[in-house]
Structures are given as structure tokens and as C-alpha cells.
Amino acid sequence: MNPSVDDRLNSVLRALQSVVLPALPESANLAREQIMLAMGHIQIIQAQRDATPGYEEGERADIADMARALLAVAGGGEPSAAARAELETRLADKNGLARERAEAVREAIDALLLAAHAGDERDYHRRLAAAILPLGRARADKDRGWFAPMGFDSEKSA
Amino acid sequence: MTDTEPLLASLLEERKARRGLPPYLPQDDRAVAALLQSWYDAREPGATVHDVARMGGGASREQFIFTLDRDGAPARYILRMDPTEGITETSRAREYEILRAFDGTLPVPKAVWLDIDADHFPCPAMIVEVVAGVTKPTSDQLSVTGLGTVLGDPLRDIVRPQFLDHLATIHNFDWASADLPSFTAPTDDPKQPTRWLIQFWKELLEQDAVTKEPVLRLATQWLEDNVPDCEKISVVHGDYRTGNYLFDERDGRITAILDWEMCYLGDLHADLAWAIQPVFGSHIDGVFRGSDLAPPAQFLAEYEAASGNRVDRAKLHYFTIFNAWKSYILVAALGMRAARQAHNHQDVLLTFLAATGPLFVDELARLLMMEESQ
């Protein structure tokens, strides 16, 4: 029988916990800390493994929704025209992994915000911001939930 | 060059050159022991170095604790060294100068030696005296670098007045008369202190961002468009919060204010907003306490009484946004970039801390929405 991913990760965890960690002297503070963190990472990755493709696709879908919302914002003029066209192009591109496509769209949104700000399209920029912030907040809320197992987020980790 | 403090502008240029360096390898403990001995051989002949041990904790510098024996009188010291990159971008010279400036005025570790150009050690290094104390109650083994530290009763009521008195001393310090050659006072116009600050962090974000987060771009633009005047240029600690001081667990006395590396001359509201930032506080029974010391209103009122400085709510709000933005840059830009380049000895910690990034994006979006609605 082929070893499953869980079998392999569990064996790594056991090696770290029952062999490597006890072999380290109490004085090896940094090494002990790093073993503990490595074990924490592995356990969380293991728990999230099946959900990871869906999480990354959700990230892509959310940034695509934001891009569509921005393209629907009226009032953009000449200074930001090229950035809007590039955003449209990137949104239509179906090539690459979900996270690569998401980052390509994010870069185009960034360029649009820079163009609108530098081109002094203040009203247009304000409307872009009004579209981005609630969507950005909703996405951040999902990301906080995703990373809650790390234990830093007192609200989400509870 | 970035429009910021001259020394920091140089530092921003120098770090670009380090980007292409090979992975950072943690220093070898025995080699460090030998380097320490040869350092003291040249400066304090007869002194012997022993019990050199690598320290855990922290997320930026590589640190070793050691004993120096002079004529049978042992004393403990810490060697702090810079890896290629880390969660912060700071100058050992500035840290050394500010520690020496406050020596005798505040409880700070005594800075004794500096090798700023890495003439002896393999990277810029500083040696400071060890101060006794803990950063969190010993019963708390779980929290990392002060995040979520709970002092609890009665400790918080013992620590709080000291914490605020020390902050008042920092903000009212006569920096103009101090020996701080690596610092430049931003005195050209009332916006220069905060403009310099924003441009420094913006350049770090531009150099290190691993993702183009739209909310971060909006925050950057808002911070640039709304720079407030600074009425009083103060020493700003830059990371003043629970987790960054040592206290004696028996009586609650603060024995040292730590982590001065992000210190600069600027607007004191930055420190106030930092100390009461949600991520460094506690939520217990529906009560939020900044740095687990006091609810923000009480914290600020007691600070005003201790310092004589008036807290401007609009500026506090500006620096609340700034601090969420700075925090994101630290954990999700500098920390992540250092880990991706394998330029730090704590990559595994840096990628763990980067998971706090969405917390700051959420906070920034919430704060900017408040602005939009006004």
C-alpha cells in the first residue's frame, strides 16, 4: 500500500516530537522553539489540506468579483483608462493556477488605484475605494478564519 | 533616494543590494564564542568569555547570552546580531545611541559595545548588559512576542503607572541635548516628521510586498493625503507595549524597557496608538485593555496626567491607521520577504507571524470605511 499524505506527515510529526525534540538540550532554546513551530505548521497544514484548493479558488473568485465591481464604477477618465483596460484583460485571462490569476488581478487593481490617484481623479478614486473596502473586509474576514488555527486572532481563534 | 531621515534613506538603498545574497546561515555557536573572546581580548585583556548560549524569542535579531569574567567577577551580557533580513529594518547604531541616551534616566539595558560595520563580527552587532526580569508571567507559556499576553490582577495595576510614567519620560525627553548623531530632527516643516515616517514605511512595502493587497494601497494613499502637523517632536519608542519590557515578577517593578530598534524622532501619538492596538491587548469578560493594562480611555487619561501632553483624538486616529498599516508591513511584507529569500534564522516563525496579516487588512478596511462615511 502506498503511504498517504497523512501517513507521511504524521510520521514526520512523530519523529520531531518523540525523537528530535527530546534529543535537544534544555538550553537549545531557539532549536526547541523552531521544532515546536514546525510541528504547529505541519498540523495546521494537515488540517487544511483538503480545503486548500477551495480556499485558493475562493480567493481568486473574490478578487475577480472586486475587479468586476471596479470596472462597473463610473467616472474614470483618461489618466486611468489604460489601467482599466489592463484590468479587463487580466480578469479575462483563464491561464495559470488560481493564486497566480488572483495576484495578476490584484496587480492590475493596484495599477488602477495608482493611476486614479496620480491622475487626480479624486471622485473616481473615492468611488473605487468605496467599492473595494467592503469587499476587502469581507475577504479579510474569511482569511482571518482560515488562519485562526495559528492562535493569534483572539476573536476568530476562540 | 526616499524622502525620509538621511540615515534611514541610506539603509533603504543598502537593503536593495542585500536582496540577491545567498540564504542566511545561522551563526555557529562555537564560532560566536571564539569571536566574543577575541573581541574582549582586544578590549579588556584578561577577561574571559564563557557559557555562550543562543537565545530564543524575538523575531528579528540573532542573539547570544554569555558570561564575561573579569578578575573573578562574572557578569552576563547579550550579543545582538543582524541577519541578512528580518521583520524590521533598523540600525544598530541608532539603537545603541538611544540606549546610551536614556541610561540613568529610564530602566534600560546598558549598551556597552557596538560593531556597526561588522569589522569583527560577521554582521553588525551590539553587546548589552543582561537585566533580570520577565516579559510575561511565567505561568503564560503560550503567547508569542507579547501577542495576547495577560498580566492579570494585581500585576496590571502595579505595572500600569510605571509603564505610563516611563512613556511620559520618553516623550518629554530633551533629545536636542542628547548625543544622537545617527538621528536627524525633522524640523523643516510641521508635516515633515510624519511625512518622513510614511515614506520610509511605504518604501519598505514597495520593496518587500509579496502581494498587491488593494486595501493596503488605499491605506498608503490615505496616509500620504492626510499627514497631520506634528506640534511637538518627541522621541518615539516605536514598539512600546506589553511584551517589550521586563518586570520583576515578585513585586511588579519594571526593570527594563526593551526593543528600541524602531525608535525615531516624531509624533508621540504613534506610541499611544501602538500600545492600545487590538493585537497587543486583551479581551476579558467583554473588556478590552490596551497592552492588558487599561481600557483605552483610562489609558489615555492617565497618560495625559503623567506626561502633561494633550492627546489629540484626530491624530490618535491617524496613527491608529498608520499602526495597522505598519504592522501589516512588518509581518506580511518584511517578514514574508525575509522568509522567501531565506534571509533570516527564524523563517518558520516569520511565516507563522505573517498569518496575522488579514487581521490588519480587516482593521484597515474598517477604519478606512469610517473615513469614507464622514
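**Where the chains meet**

A: The contact between the two takes 29 residues from chain B and 31 residues from chain A, and it should be kept in mind that this is a predicted model.

Q: Ok, which part of chain B gives the most to the side that touches chain A?

A: That is helix 11 of chain B, with nine residues, while strand 1 (48–54), helix 6 (214–225) and helix 10 (347–353) of chain B are also among the elements that each supply at least two residues to that side.

Q: And what is that side of chain B like by class?

A: By class, the side of chain B that touches chain A has 16 nonpolar, six polar and seven charged residues.

Q: Back to helix 11 of chain B, how does it lie against helix 9 of chain B?

A: The axes of helix 9 (residues 313–340) and helix 11 (residues 357–372) of chain B come within 9 Å and cross at roughly 155°; angles over 145 degrees count as roughly antiparallel, and the two helices of chain B are therefore roughly antiparallel to each other.

Q: Which residues make that contact?

A: Among them are B:Ile321, B:Trp325 and B:Tyr328 from helix 9 of chain B, together with B:Phe360, B:Leu364 and B:Leu367 from helix 11 of chain B, and by class the contact between these helices has ten nonpolar, three polar and one charged residues.

Q: New topic: in the largest nonpolar core, which residues touch the most other members?

A: Of the 122 residues in that core, A:Leu112 and B:Leu364 touch the most other members, and helix 9 of chain B gives the most to this core, with 16 residues.

Terms used. Residues numbered from 1 in each chain as written. Chains lettered and ligands numbered in written order. Predicted model: local features only at pLDDT ≥ 70, side-chain atom pairs only at ≥ 80, totals over all residues. Axes fitted to C-alpha atoms, helices over the stretch in contact; angles between N-to-C directions. Helix = DSSP H or I, 4+ residues; strand = E, 2+ residues; numbered from the N terminus. Parallel < 35°, antiparallel > 145°, perpendicular 65-115°, else oblique. Contact = placed C-beta atoms within 7 Å. Nonpolar A, V, L, I, M, F, W, Y, C, P; charged D, E, K, R; others polar. Core = buried A, V, L, I, M, F, W, Y, C linked by C-beta atoms within 7 Å. Buried ≥ 20, exposed ≤ 12 C-beta atoms within 10 Å, placed from the backbone.
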